[in-house]
Amino acid sequence: MAFTEQRRTAESLVEAFNNMDIDKIMSLRSPDCTNQILPRSIKLPLQGNAPYEKRLRFLHPIFENFSLTVEDILEDVEARRICMWLYAKADTAAGQYLNEYIWILQFDESGKQIISQKEYVDTVMQKEFYPKLQAACWAQAKKD
């Protein structure tokens, strides 16, 4: 079965994250692409490309050996959308990072550019892990 262009773009996005190739990640996004981290209860603002890229560049050195595994993928070709269930892991100063995401990607008509990304995160993990990570990063900064 041949993959659609948007499916190839989604797979390229996962590959770019696995290589932490931020330039490649950004090249797959349209100039006005937005990213929203959900659920809304965590109250993070909608991000355009500039703050999204800044966040990725900040997190890149913190998350070593970052990898995503696609657990499931659903595609609606007519609506130009893909939903991916992803499992993430990485090494950090606070220990191993393990998280799950659901990405909902909306594509342009060509299927080559992502025009919006909704990213659902595991909020229990967020609440437990990020304070530990922040403390470990502060401790490391004090040593340096």
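Which residues of the largest nonpolar core touch the most other members? The notes below start there.

1. **Core.** This is a predicted model. Its largest nonpolar core has 34 residues. Those that touch the most other members are F17, F66, L68, M84, Y97, Y101 and W103.

2. **F17.** Take one of these core residues and look beyond its neighbours within four places in sequence. F17 is then in contact with I25, Y52, L56, F66, L68 and W103. Two of the names, F66 and L68, also stand in the list of core residues that touch the most other members, as does W103.

3. **Fold order.** The chain has 4 helices and 5 strands. Read from the N terminus, the order is α-α-β-α-β-β-β-β-α. The radius of gyration is 16 Å, close to the 15 Å from the globule rule for 144 residues, so the chain is as compact as a globular protein of that length.

4. Along the principal axes, the C-alpha atoms fill a box of roughly 50 × 30 × 25 Å. Of the 144 residues, 38% count as buried.

5. **Contacts along the chain.** Residues 24 or more positions apart account for 54% of them.

6. The largest pocket holds about 710 Å³ of space. It is lined by 25 residues, and R55, L59, F63, Y130 and L133 are the closest to its centre. The elements that give two or more residues to this lining are α3 (49–59), β4 (95–107), β5 (114–121) and α4 (123–143). By class, the lining has 19 nonpolar, 4 polar and 2 charged residues.

Technical notes
Residues are numbered from 1 along each chain as its sequence is written. This is a predicted model: local features need pLDDT of at least 70, side-chain atom pairs count only at pLDDT 80 or more; totals for chains, interfaces and linings use all residues. Side-chain values use heavy atoms; hydrogens and water are left out. A nonpolar core is a set of buried Ala, Val, Leu, Ile, Met, Phe, Trp, Tyr and Cys residues joined through side-chain atoms within 4.5 Å. Buried means under 20% relative accessible area, exposed over 50%, partly exposed in between (1.4 Å probe, protein chains only). Contact means heavy atoms within 4.5 Å. On a 1 Å grid over the protein atoms alone, a cavity is a set of points where a 1.4 Å probe fits but cannot get out, and a pocket is an open set with protein on both sides within 12 Å along at least five of seven lines; lining residues have an atom within 4 Å of a point. Grid points are joined across faces, edges and corners, and a volume is the space filled by probe spheres set on the points. Ala, Val, Leu, Ile, Met, Phe, Trp, Tyr, Cys and Pro count as nonpolar, Asp, Glu, Lys and Arg as charged, and the others, Gly among them, as polar. The radius of gyration is taken over C-alpha atoms; the globule rule is 2.2 Å times the number of residues to the power 0.38.
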